Amino acid sequence: MRLRRSAFTLLELMISISILSIMMIYLYKSHAALNVSNSNLKDEARRVENIQKIKKVVYLDFLTALPSSTLITNREKNEDAVFLQTSHSIHRRFNPYVAYLLKDEKLYRLESLRRIADYELPLDSEFDLDYLGEVDSFRVYKSSDIKKEAFLVHIDFQTIDDVLLKIKVLNEY
Amino acid sequence: MLRERRTAFTLIEVMVAVMIISVVIMALIQAYSNNLHIFNSIKNQIKSNQYASSLISNEDYGFEDKHISLYDLFREFDLESDLKMALKERKAEVLYKERESIDLGEAGAESQDAPRQTVVLEIGSSVIKTEEFSTSLLRLRIK
């Protein structure tokens, strides 16, 4: 009569548990790495989304700028202050005045119905302020071609990719 | 005769099961890795798309194949020296490919005396290629 086998032996069980334990260790490591990676990916996706929003706002501001309304003041080697009137608004205003100003390496966008034409703002100024990010450099160049109104915007961000956009004003004379 | 009755897995079966699970997990990790690759390529594409704006309203480049530096695309701007140098160092290739040509017939045909001219709309794509990226822009030309 042959031996009847109805369950694992202790040895089989221990080998299985050992294999499973090793697998579990690697799985846990893999899961932890995956979590960290997902978190990084999420941050990166947020950065990409952020830079796209900034590009869109800057592009539309300059694209729909009113003819010859753009004033660029060079303050330092890597710093321009830009004032313009545009048809684009992110605060539901009609043809607002917009300014791009740098303060303590932080770039801000100001939007107001009252004209902004100087870096030193009057005390009674009313505007909406949007923070665009920390930058090493913010320069806006005007095309030397007098037949067209075009600008090159270069924003060198500290933490996200830099922006280099050529924008031709749509409403030029 | 009493036949052998089997009521539990053998070690081999358990090991085979573990192996199958491992292969499945490997495949999942591989799939994740592919997603990461796709994300990175999209990110690079978004980053490089801005260079296509240099061809807007640029009559000198984009309608012929040319080997240039990125600075040539922004030559109309008096750039600050660091940016100028950085752009000059990046070699690029501008390629133009005609996609479709639409013949709109003869313009000015209603007048007997007016010279007859044929108007053709040409749709093409200009591609900027560098070592790091490639980006393109659809263009419309009236001939």
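How do the axes of H1(A) and H1(B) cross, and within what distance do they come? I began my notebook with that. I am working from a predicted model.

**Entry 1: the two helices**

I looked up the pair of helices. Two packed helices are described by the angle between their axes and the distance between the axes. Here the axes of H1(A) and H1(B) come within 11 Å. Their crossing angle is roughly 10°. Angles under 35 degrees count as roughly parallel, so H1(A) is roughly parallel to H1(B). I then checked the hand of the crossing of H1(A) and H1(B), and it is left-handed.

Which kinds of residue make up the contact of H1(A) with H1(B)? I noted 18 nonpolar, 6 polar and 5 charged residues there.

**Entry 2: Ser68(A)**

Next I looked at backbone angles. Ser68(A) has a phi near 50°. That is a positive value, and the residue is not a glycine. I found Ser68(A) in the loop between helix H1 (10-63) and strand E1 (71-76) of chain A. Is Ser68(A) buried or exposed? Its relative accessible area is 59%. Exposed means over 50%, so Ser68(A) is exposed.

**Entry 3: Ser57(B)**

I turned to chain B. Ser57(B) is not a glycine, yet its phi is positive, at about 55°. I placed Ser57(B) in the loop between helix H1 (11-49) and strand E1 (66-69) of chain B. What is the relative accessible area of Ser57(B)? I read 24% for Ser57(B).

Technical notes
Residues numbered from 1 in each chain as written. Chains lettered and ligands numbered in written order. Predicted model: local features only at pLDDT ≥ 70, side-chain atom pairs only at ≥ 80, totals over all residues. Heavy atoms only, no water. Helix = DSSP H or I, 4+ residues; strand = E, 2+ residues; numbered from the N terminus. Buried < 20%, exposed > 50% of the residue type's maximum accessible area, 1.4 Å probe, protein only. Axes fitted to C-alpha atoms, helices over the stretch in contact; angles between N-to-C directions. Parallel < 35°, antiparallel > 145°, perpendicular 65-115°, else oblique. Left-handed = near helix turned anticlockwise from the far one by under 90°. Nonpolar A, V, L, I, M, F, W, Y, C, P; charged D, E, K, R; others polar.
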